[in-house]
Structures are given as C-alpha cells and as structure tokens.
Amino acid sequence: KNLQNINDVFVPCSDTLNACRLRSKMLAKQLDHVDMEIEREEEAGNVAAVSRLQAVSSRLCTELETEKDLELRLALTLKQNLVELWQIETKQGKYSILREQLQKDEKELQMQYQEERKVRIWKEKITALQAEGTRRTRKKREEEARREREERNKKLLEDAKRNHEKAVSFLRQSMARIHEKNAKEEVKAQEHMERRIQAVLSLKTSITSNRERLQTLQILNKAKALEEKKEEMKMRDAIIAEGGNAIREIFLHKRQQEHEKKKEAFRELQKSRKMEIVSRILQERASIHKQRKSQSAIKAIKARALFRLFCFVLLNMQVIEFCLKIAQATTKHETVENKWRAISPSDLLISRPQDVLWESGDEDTERDKTLLVPEFPGLWNQEHDLPKVPKAEDPTLLAIRAMRKQMAEKKMEELQAGILHKQTVPGQEHKGCAFHSKPSCIHFKDFDVGQIYKKKIVLTNASYSVNYCRLVGISECLKDFISVHFDPPGKMSSGMSCEFLVTFKPMINEGLEGAVMFMAQTGSFSVPLKCTVKTCMLALDKELIDFGSLVVGETISRTISLTNSGALGTRFK
C-alpha cells in the first residue's frame, strides 16, 4: 500500500519537474530575446520602448528564479521518494518469505475446514436417520392411540345416543302430561266462563225482577202509609173525644213501634252472625282435615320422588364421569363435544323430576300447586356445562410446563421450610435486608380514641435480582387495633416497589409498639410500628439565666420563654 502511494506521488512529481524545466528554458529564451530588443532600442534611442522592455526583462527574471527554485524543490522531493521506494522494495523482499508461509498455512486451514465439514455432514446424516426412525415409531404409536380413541369415541357416542333416547322418551311423557293438564285446565276455564255467563244472566233477571218488586213495594208502602195516616187520624179523633193529649199519645205510640222494629232487626242480625260463625267453623274443620290428608299424600309422593331422583342422578353422574374421563384423553373432541352440547346434564336430569312431579296429576289442584315448586333446589335447576376437552399439545410444551410447576413448588416448599437463598452478583454478595420501606418506621403520633388513621407504606426491592415478598403478620399486641391490606405483587425485579396500607383504629389511650412482619426469598424482615398518645412537652429557651455584672441597687430583667411542643395542653406554675 505504501509502495502504491509513493508511485502515485512519484509519477506526477517527475511530470511536474519536466514541465518546470521546459518553462525555465522558454523563459531563458524569452529573456535573451528581450535583451536583444533592449540593445536594439538603445541604439535607436527609443527611451519608452527601452523602459517597457526592461520591466518585461525584470518580470521574466523573477519568473525564471521562481521556476528554478521550484525545480530544485521538485528534484529534492523526487530524490526522497526514490529513497523511500528503494527502502520499501527492500522490505518487500524481507516479507515475501513470510507471505509464502502465510499462504501455505491458509491452504492447510482450508483443507482442515473441508475435512471437518465432511465429518459434520456425516454426523448430521446419522442423526437424521435416527430422527426418521423415531418419527416412524412415534407415528406408529400415534396411529395405534388414534384407533383406540376412535373406538372409545364410538362407544361414547353410542352411550350418548342411548341416554338421549331415554331423555327424549321421558321428555315426551312429561310433555304429554303437561298437554293433558293444559287441556283439563282449558275445560275448567270454559266451564268457569259458562258459570260466570249464567251468573251474569241470572243477575240480570234478578235485577229486572227486583225492579218490579221495588215498584210493587213502593206501591205497598204508599198504601201502608195512607192506612197508617187514616189510623192515626182515627186515634187522634178518639183521644180528643176522650179528652186526652193526642200529640203525646201519638208520639209514644210511634216510639214504641220504632223500638219493636229495632228489636226485630237486632234478632235478625244475631241469627245471621250465628249462622256465619257456624259456617266458618265447619269450613275450618274441613280445610284442616283436607290439609292433613294432602300432607300425608305429599309426604308419600315426596319420598318416592326423592328415591327415584337419587337413583337417576347417581346413574347419570356415573355415565357423565365415565364420558369425561374418555373425552379428556382424546384430541379429536369436536364431534363428541357437539353431541354433548346438544345433550347437557341439565337435559338428562330435568325429565325425571318432572316425571315424578306429574304423577300427582290425578290429585286435586292444591296438591299440584305444592308439588310444582320443590322444597329445595335440585340439580335440574342448575345450568351445567361440560368441561371443554383440551386439544393435544406439543409434548415439549407439556414438559416445560411440568418443569416450571415443579420449580415453583420447590421454591414454595423451601420458603415454607425456611430455606433461604443467597443473592450474589459477580464479585459481590447481598447482605442485609432485601426490602427497604419508606418511611422506615410506621408512626401514628398524637392519636384520638375512636378515630381511624391510615398510612400508605412503599416497599422497594433492594436485592440484586428478582425477589418475592409476602405478608406474615403483625405483632400480637397490635392485632386488635392494626389491620394491614397487602396484595402480593408476585415477582419483583431489583429496584421495583409495591405498596401496602396500614389502618389504625385506637380503642384505648395507650402507647403501642410492634412490627409488621414479611417474608422474602432471602429471609424475613419487618417494618417497625409505633403508636404514641398525645403528650405535653414543655421546654425553656434558656438553660442558664445570666444577669452579668451590675451595680448595687440597679434592677435588671430577663425574659424566659416556656414552650409546649406537644399535642396535649397542661397547666404550670
């Protein structure tokens, strides 16, 4: 590279030197020509031309001198470049042997790489053949497992079909009973409607007849009133004829008639009330007798229903467990799952209770009402979903999950057993508490009894790596007054922080001291907690009262400040 640089410099330098020599020759010829012209003009006596030619001669002289200086410098640099060129050629001669040795070493290294490549290709072919063999064996095992799964699925589908047919038959029976009951209810409703229509018609006829009776009664009442007036006039005439007080006698007679009417109405009211009381007593006796009879029948029906329900639920649960065990081992689960979605456990279980409940369809309506709503909720009232059959996963993923689960369980066992891990980084080992709290001490100062105080504390991971933190508890003396709310954050990187809330509800006016205890991967630690009551803290601003030097009879005064820095007031003297 240095040789190339010198050649690049040497060639233009030599060309520049040749050009400089040509220019100096041309300048020398021009200078000789000017000197001849000057002599010619001096002989002719032309002063102006002589002065002009002298200026040209001086300019040419300066240019010739500069060209010669440049020629000297170029010749010098050319010599230096030649010296460097010769030195580099000598060095190249020295290093040619080393270059040949290097080329030979490179060839040997290339041959070694080729041999290693051949060996590696041979090993890869062997591993590929082994992998092909394992793949074939695994494919064979998977084919056998698939056949077994297909047989199990076929059996499972047959069982599901049989169960579905049973459920459908039970459902048809119950639906037939429901339709029969609905038809009976419709007939009863029609009869009730006819009775109501007849009652309305009878009411209409009674209203018309009552209207006629009312008219006849009005006529009779008018006639009766006329007769009473006539009798009253006769009585008055008779009393006047006898010489008595007619007005007094008539008033007394009217009061006696009203009194008799009231007595008669009271007797009628007593009779109606007695009849009503007797009818109510008879109705109550009949209802009690009927209720006892229906309760005994209900108890018998419930006992039969519970026994049948228990047997049917037990049978269905066994079938469902067997089907789930088979379904969990299969990967082609979509067909089975679709079938079982169409036949849920609630569909299988809902037919039997209805079958049991509708057995009392021939009883009276009150018994039907009591049996329609069971005393306790059964499995048929709950919605059941079959667990989804997981798809087949990659065995490597399953192995990784199992390994992670084992590691997590091992860590938890070590933490519970108190086995602690040292945390080290290159050149250092962490010592001291793994977590720092801010503030370092939880201090509830100057509290009032009955109030609630809350403080938020920040825990920071001060260890060198990922760490865990969980709450262990608080001191025994603080459990009645202090509650800690802490959500474990899980894995915490170095420098990360989490928060917990401390709530203090004082019930007594006493100071308390304790700690909130935590457990980390590197060991246990605690945050001190202190609760101090209100106190008075008196302090003087001077420790020594110095009056200095004074004259006898002179009076000097000094002011002293007494300060209470506490939260509790006090008296002093």
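Guide: Start with a hairpin. Strand 9 and strand 10 form one, with 2 residues between them. Keep in mind that this is a predicted model.

Visitor: How many bridges join strand 9 to strand 10, and do they run parallel or antiparallel?

Guide: Strand 9 (residues 512-520) and strand 10 are joined by 9 bridges and run antiparallel. Look at L512: its bridge partner in strand 10 is C531.

Visitor: Which way does strand 4 run against strand 10, parallel or antiparallel?

Guide: Strand 4 (residues 442-445) runs parallel to strand 10, with 4 bridges between them. Here I442 stands opposite L529 of strand 10.

Visitor: Where do the side chains of strand 10 point?

Guide: The general idea comes first. In a regular strand, side chains alternate between the two faces of the sheet. Strand 10 (residues 523-532) does this. On one face, G523, F525, V527, L529 and C531 are buried.

Visitor: Which residues form the nonpolar patch on the surface?

Guide: L538, L540, I545, F547, L550, I560, L562 and F572 form it, with about 770 Å² of accessible area together. Take L550, in the loop between strand 11 (538-540) and strand 12 (562-564). L550 counts as partly exposed because its relative accessibility is 48%.

Visitor: Where does pLDDT stay under 50?

Guide: Over residues 329-392, where the model has 90 contacts beyond four places in sequence. Where pLDDT is low, predicted coordinates should not be read in detail. For the chain, the mean pLDDT is 77, and 75% of residues reach 70 or more.

Notes:
Residues numbered from 1 in each chain as written. Predicted model: local features only at pLDDT ≥ 70, side-chain atom pairs only at ≥ 80, totals over all residues. Heavy atoms only, no water. pLDDT = per-residue confidence, 0-100. Contact = heavy atoms within 4.5 Å. Buried < 20%, exposed > 50% of the residue type's maximum accessible area, 1.4 Å probe, protein only. Pairing = 2+ DSSP bridges. Patch = residues over 30% accessible without salt bridge, like charges linked within 9 Å, V, L, I, M, F, W, Y side chains within 5 Å. Areas by Shrake-Rupley, 256 points an atom, 1.4 Å probe, with all protein chains shown as cover. Salt bridge = Lys/Arg side-chain N within 4 Å of Asp/Glu carboxyl O.
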